[in-house]
Amino acid sequence: MTERWFPDEMPMPAANAHTMGWWEAAAAHRLVVQRCTECGRMRHPPGPVCPRCRSVASEWSAVAGTGTVYTYTVVRQAFIASLRDKIPYVVIAVELDGTDGVRMVSNLVDADPEEVTVGMPVEVVWEDMGPELAIPRFRPDPTVAGGRAGSVGGVGAGGRR
């Protein structure tokens, strides 16, 4: 079992026919995105039709699991009672490396919420919620000295005071 950052009372994600391959890869600690086999566009979240060419042909493409914080917010209110001990926590949109701009919403863990910045380099870590369910979370990437802060043009909601 991997480290746990969030309580068991967190709502479980819903899988369907279009997302099942993503959840199966996540359970094996593999980060994938959907790729259109007609035009090559990568996308997340997964869906039945390519938004570029309207093809229904797709495959799962493994990605490195690194990226940068595109935007973020610091949550300071416990919307679920069991989160009281976890606040503040950070919700981020990560722009995944090597995907031509695909973004994924997740949580930033193992970081001080006051030190999060837009452009911060991050890497995936896995939170096992059970034997067949793992959730990708992200933490600051320790292999990137100095980071890439400022390389993304967005504004982090958490950065506003």
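**Asp100 and its loop**

I started at Asp100, which is found in the loop between S5 and strand S6 (103-108). This is a predicted model, where local features need pLDDT of at least 70, side-chain atom pairs count only at pLDDT 80 or more, and totals for chains, interfaces and linings use all residues. I kept in mind that residues are numbered from 1 along each chain as its sequence is written, and that side-chain values use heavy atoms, with hydrogens and water left out. My element names follow DSSP runs, numbered from the N terminus: helices are H or I with at least four residues, strands are E with at least two.

I looked up the backbone of Asp100 and got a phi near 55°, a positive value in a residue other than glycine. Is Asp100 buried or exposed? Asp100 is exposed, because its relative accessible area is 86%. (Exposed is over 50%, buried is under 20%, partly exposed is in between, with a 1.4 Å probe and protein chains only.)

**His29**

I went on to His29, in the loop between helix H1 (20-27) and S1. His29 also has a positive phi, about 60°, although it is not a glycine. At 32% relative accessibility, I have to call His29 partly exposed.

**Two cis prolines**

Next I checked the peptide bonds. The bond from His44 to Pro45 is cis, with omega near 5°, and Pro45 sits in the loop between S2 and S3. The bond from Ile87 to Pro88 is cis too, with omega near -5°. I found Pro88 in the loop between strand S4 (66-75) and strand S5 (89-96).

**A three-stranded sheet**

Which order do the strands of the open three-stranded sheet take? I read S2-S1-S3, with antiparallel pairing. Strand S2 (42-43) and strand S3 (58-62) stand at the edges with a single partner strand each, so one side of each has no neighbour in the sheet. Two strands pair if DSSP finds at least two bridges between them, and strand S1 (residues 32-36) is joined to S2 by two bridges. I noted that Gln34 stands opposite Arg43 in S2.

**The largest pocket**

I then looked for open space and noted a volume of about 500 Å³ for the largest pocket. (A pocket is an open set of points on a 1 Å grid over the protein atoms alone where a 1.4 Å probe fits, with protein on both sides within 12 Å along at least five of seven lines; lining residues have an atom within 4 Å of a point.) The lining has 21 residues, and the closest to the pocket centre are Pro13, Trp23, Val105, Ile135 and Arg137. H1, S6 and strand S8 (133-140) are the elements that give two or more residues to this lining. S6 gives the most, with five residues. By type I wrote down 15 nonpolar, four polar and two charged lining residues.

**The whole chain**

Last, I stepped back to the overall picture. Of its 161 residues, 42% count as buried. Among contacts with a separation of 6 or more, 59% are between residues 24 or more positions apart; contact here means heavy atoms within 4.5 Å. The chain exposes about 8600 Å², and carbon and sulfur atoms supply 50% of it.

Terms used
Points joined across faces, edges and corners; volume = space filled by probe spheres on them. Nonpolar A, V, L, I, M, F, W, Y, C, P; charged D, E, K, R; others polar. Areas by Shrake-Rupley, 256 points an atom, 1.4 Å probe, with all protein chains shown as cover.
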